[in-house]
Structure formats: structure tokens, C-alpha cells
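Please open the structure in your viewer and keep the selection tool at hand. The tour below goes from one selection to the next and says what is there at each stop.

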Amino acid sequence: MTSLRDEVEDPLGLDYARAPRFSSPDEVGAALAANRYLADAAIASVVYLADRLIKPVLIEGPAGTGKTQLGKTVAEALGARLIRLQCYEGIDESKALYEWNYRKQLLRIQAGQHGESGLDWHELEGDIFSDEFLLTRPLLEAIRATDPVVLLIDEVDRVEVETEALLLEVLSEYQVSIPELGTLTATQLPLVFLTSNNTRELSEALKRRCLYLHLNYPDVERERAIVLSRVPGVSSALATRIAEVVRSLRQLDLRKAPSVSETLDWARTLVVLGRSELGDQDVKDTLHVLLKFQSDIDKASKELLGNRA
Amino acid sequence: MLDLLGSFVGELRDAGIPVSTTEHLDAARALVAIDLMERAVVKAALSTTLVKDETHFAAFELAFEIFFASVTAQAAADQLDGPEHEPGEPSSQRGSEGRGKGGGGGASGEVTQEELAAMLFRALREGDASMLAEGARIAVSRFAGIEPGRPVGGTYYLYRTLRNLDLDALRALLQSAAAGEGALPGSLSQRLALDDASGRIDQLRRAIEDEIRRRLVEDRGASALARSVRRPLPEDLDVMHATRDELTALHRALVPLSRKLAMRLARKRRRGHRGALDLRRTVRQSMSTGGVPINPVFKPPRPAKPEIFVIADVSGSVASFARFTLLLVHAISAQFRKVRSFVFVDALDEATRFFEGAADPADAVARINTEADVVWIDGHSDYGRALTQFHERYANDVTRRTSILLLGDARNNYHASQAWVLDDLRRRARAVYWLNPEPQSYWNSGDSIVAAYAPHCDAVVECRTLRQLERFVGTLA
């Protein structure tokens, strides 16, 4: 790792240091739980290390397992501002990093022409390429923020491989180079989360710079706890039942396995319907909340409910 | 600790996981930052810094269990036995116990078979991890018959132990306990209880695996054991010789792989060349430059998509390879103008109809196995006859847009090769490719006649693993 910054005395030998925000993985877990995000040991450890090693976290996993939510919740737990960059195909540096405000620059030039002349070119050039005419986009905003921020780069797999390179400088050095202004370094080192739905292989360069967290579907106990904490009206017995049904569904070979968010939708549905227990008929009637393909619904009701469904 | 980390990283690299020096450094830093006494945290720290691909987790987990279980188990044993014991003693003692069982069988240990079963049942029912580990320890010393010094991975010991524990009875017991009174057969509670019980049985199996592994590590050391249990990553598995479990893993790997491939191809096509000028957007764009069209905008290109004809040998020896290729090609069929598939053993049948309207290509492949009409006389591959039939019936459908993929090992059982067919097809088609699932060194040995067909193909490609298959299909579109 190379850095332009001075070496800092630190047991970890990092190139830059920041006072740790958490003292242990347990504290992370507790802070997240206080914001109604139930993290297992792996999640809490990774967030703790991300803060301690000052590295971005790349989160992968099936849709609806709480990838984006993790970033949001960490921001909440820290009381930090969340800056979010939603990636899409064709995003470029003028959308991700910064852009010069052409219209304002044009106005400035025209104002110079009509007003008292005598403004020389260099002065004008220095003037129109200054902070005032810079439009900050999420990445630059996160670097320049003076208050604590959490940067969430959502669905990073949607950008092209070439565009990924834009992120690298920000992710490894926490700085942005603007040809006209020079290099802007972060005043506070933001926590960075990247999420990916794994629609394509991310480049080695990006992966190397990040800690990697694979979020899978939770096990029965954790899912039950998630349901209980997120859906207030649900009874403990019902939550257990819900978690068990969802686990059985995920073991079937379905086109789209139910995600955690769909589990929560289902729990809410059952609460609205006033169920405190889960009978076969209830499952059959509400399965469409969990499963989004007719073939999946047919298969699930055949497998789970037997012939009588 | 640093040495241990070093050899662990070495093991990961040997297993095929790419670990860069930066990542090694990160792992070392992470270990400084955390509490080393908490195993789950150590594991998370290592996996997050060293493994950057979810398909590599299985290999990581195995290596972690071997390298880091040994340390903690040894430490725990030292604490229990007291410091005056020799480090080698526990393993030899347990080894002799195992040998005793192997020779005479029967009454070792102070727990009876029934008591052991009851203990395992209670441990699983209540989710008591330490009791489960204890039960696994007893079961392994009693049944596994571990012989010290043998360079094995422990699969056989696992099999021996599990055979002696009546798992089906245990599962049934767990299921009825979970379902409670009055659960109707075929009802939801029954099914949930079954899944629950199976999950718990898996826990037991894992506990026994852990225990066997721990003993093997004590016996032979981590690196040696890691070498004998190392398995290739899913994408590097040899498709032809994969076991059933490995095939399931392959199957699972195929879905994301085909999705990624399709995405990449679609992107490549869109970005490849410029299409015609998009007048409307050019004019709109010129607004910001005072009506001067500085940046012309072009329409996205629409190059012609190729047509694919797959001709696959589905006889026993290469069936699983044909199945995977058909699945992959059909999974990305949107990237082609048309995909037609033909299957043969010693007669040829068109299989495209099975894929039409099938929601899941896997169903279609299953139907090919049962319904396609591919056997003529004896059910041994006859490439010559299949090719002649293809030529008779479908040669006129082959155009300059068609790429033909032939899948098979070209083991022709000494029938006539009829290589002229390929020559003629090649003249009609855009390209003819032969994908051979055998390693290149086996080609042309025995009844393999790759050499007879090779001159008439644009390329003959060795395609033993999913990775090779993906790379090849990626070049097609």
C-alpha cells in the first residue's frame, strides 16, 4: 500500500489513522441491535474491522438479505450522515465524483465581458475553476464532508469494469484528484460500504481494496429474532413458525427463494390478518407474499402442504 | 501466530484461492486488531480479508477447520490433561483405543449404545453444543477405528461412524418430538418437523466430521491433512468424473455463471461498435453548446446474433458434460438468434422441442434423458452414424450464420468416422467447434478418433471444467 501521507504511529502500521469508533465486535453488534439490525458474529466483526483497518466493505449476497440496510444502520448507529451513490450502467465521473458547473462558468465569463474590463485571463481562469463552480457528486461529497459520514455505494456491479477504476482512488486513498484543483484528501475518513448483487465478477483491483462480506440468508434463530424485532405485533410462536416455513422454502429448488424482506412482509401480512398461529390454510392463502413466481407457489404448496393443498 | 497465518495462506493458495500479498498483510493487521480468543471473530477476520469470492468459502472453511481447530483443541487438551503430559500422548492413546475397537469390537468406553443414542438425541433436541461434541467424541472413538499414520482424508472414518449410528431412527425420533401430538401426515407441521430434524442431523454429522478431523490433525499435522482433503473449487471440477455431491455443487455454480455470462455478452454487444447517428439526441445534446453539434450521439449497435446448433453425445460416459453444456447454452439462449440442440448415442434426435416452453432448462434436460429417441441398436456411441443422420435431415438448415458445437469424447467404438460430413458442414456453417470433455493427453488413445475429425473443425477444445466451458461459450457470441 502506498500513500502520500506520513506514516502514523500505530500498532497496525496503517498509512493513516483515526480514532476507532467501536472498541470491539460485540459493541458493534449491540449498536446495530439498538437500531433494530440483528448482526451475527461475522457481520459485527467485519464492521468492526472495517472501522479499525479503515477499509471499505464489499457486501455481496442474494437480494433482500439486508446489504443496503447494513450500511444505513451503521450510519444510524454512528449518528453519521449517509451519502449514497446508486450505481447504474453508464454512470460516469460527472455523476459519481464531481462536475464543473458550465452554466455558471459561462455566466461568469459573460459577466466579465460586459462589466468593467481589465480582468486578465489568468485571473479569470483561476476564478472559474474554483470551489465555487464545482458541483460535488456523492464520492467527492463524502471526501469533503467535515461531519462524520458513511458512504454507501449501492449495486456497484452495475457499473462497467472501466468505470470501476473511478472508485479505486477514493476507496484506497480516500482522496479525489481534480486536474484543475489538485488532490482533495478526506478530512475525516468515512466508513464505506459497497453492495453488489453479483451480476458480474468485480475486478480484482476493487476486491483487493475491500473487506469482503457475504451476507447469506440467516438461520432459523436469527430470522426469528429479526421478525420479532422488526414486526412488533407478532407473537413469539408465530415468529418461530414463520422462520421455520421460510427455511423449508429456501431448501426447495425455487426460481427465487424468499428473502428476509419478503419474510418480514409475510409476517406483517399475517399480523394484519390477525393470525397468532399458522395453519396450513393460512400458509396456502398467503404464500404469494413470499414467492413471486406461480411455478414456485405451485411447487411449494405441493411440497410443504402435501396432497391436501 | 504469524507462522500459522503464513502456512494457512499457503494452503489457501494451494487450494486455488488467489490471495495477494496485500490481503495477507490485511489479515495480519486484522488479527492484531481483534481478540484471538474468540474463534468466530478470528474466522470472520480471516475470511473477510482473504476470501473475496463466495464460491471459495467452502475451501476456506475446510482449511480453517484444519488449521485453527487443531490449535484450540490442543490448547484445550493441554489444559485438561495438565502440563506434564507429552504432546504426542493424547493421539497415541486415542489411536490405540481405535485399534482396540477395530480388532475386537464391542464394549470399549463406559457408555452403552443406547445411552449414546439417547445422549445424542438430547444434545440435538436442546441444541447443546458441548454435549453434542462429547457425543461425537464417544461415537468416533468407538466406531471410526482410526488408524494412525495413514494418509487419508477421513471420509471412510466418517462413513464407518455414521453407519453405526442409526441416523434414520434418530431423525424420526427428532421429527416426532418436533411435530408434537396429533400432527397429520402430509401436513405442514410434519414437513417442518422433518426439515428441522434433518438440519439437526446435519449438525451431528458436522460434529463428527470435526472430531475426526481433529484427531487426524493431531495424528499427522495440519498441512499434511490439508493436502489429502483438498478439493478443487467448483469451477475447476472435472465434470466427467464428478461425484453426485460435486455435480450438485456444479449445478449450483452454473446458474450465477450463466447469468454473468449473459450479462457480459449483452454488454459486449451493446458496446462493441457504434450504430447509426441518433439525430434526435444529437440535436438535443447540441442545445447546451448553443446549437453546435459538438458531441454526435449514435444509436446502440445491433449486430447480428449467431445461431447455435449443439450436437451432443449423451451416452453414459459423457452425459453429465453434455447436460451442463446444454444447460449453459440454453440459459444464455437470449444471446443467440436461435439455439437448436441435437442429441445422439447411436441415433440422432432433435431436442429443441424439450426446451421450448420449459420454464426451467433443467426440466428440459431431464426430459431429454427419458424421452429423446437416441438409441438405435446397442446404445454405444456411433459418431459416424449420428453425423450422417444429421447431414441427411438438417444439413440444409445450416447457414453462414450457424455455429456448430459438437460435444463428445469422439470415442466411436470402432465404427466408421464419416468425417466427410464435418467437412461439408464446415463449408456451409460459420464455424464448427468440437468440445471434448477428456483431458488432451487421452485424445486418440483407444477408440478415440479426435484426429479424424479435428482437421474439419475450426477448433477442438478441451472442456473439462466449468471454467473452460464458460470461457469457450463466452467467445462464441
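**A tour by selection**

Begin with B:I404, which in this predicted model stands opposite B:V432 in β5(B).

Next, colour chain B by its division into domain 1 (1–85), domain 2 (108–231), domain 3 (244–272 + 304–476) and domain 4 (277–302). With domain 1 and domain 3 of chain B selected, note that their C-alpha centres lie 43 Å apart.

Now turn to chain A, which is divided into domain 1 (25–97 + 137–214), domain 2 (99–134) and domain 3 (220–308). The centres of domain 1 and domain 3 of chain A, taken over C-alpha atoms, are separated by 32 Å, and eight residues of domain 1 of chain A are in contact with nine residues of domain 3 of chain A. The side of domain 1 of chain A that touches domain 3 of chain A has three nonpolar, three polar and two charged residues.

Staying in chain A, select the five strands that form an open sheet in the order β2-β5-β8-β1-β9, with parallel pairing. At its edges stand β2 (81–86) and β9 of chain A, and because each has a single partner strand, one side of each is left without a neighbour in the sheet. Strand β1 (residues 57–60) of chain A pairs with β9(A) in the parallel sense over four bridges, and within these strands A:I59 stands opposite A:L213.

Finally, show both chains and select their contact, which takes 35 residues from chain A and 32 residues from chain B. Several elements of chain A each supply at least two residues of the side that touches chain B, among them α2 (41–53), β9 (211–214) and α11 (236–251). The most comes from α2(A), with seven residues. By class, the residues of the side of chain A that touches chain B divide into 16 nonpolar, nine polar and ten charged.

Definitions and conventions:
Residues numbered from 1 in each chain as written. Chains lettered and ligands numbered in written order. Predicted model: local features only at pLDDT ≥ 70, side-chain atom pairs only at ≥ 80, totals over all residues. Pairing = 2+ DSSP bridges. Domains from an automatic or database assignment. Contact = placed C-beta atoms within 7 Å. Nonpolar A, V, L, I, M, F, W, Y, C, P; charged D, E, K, R; others polar.
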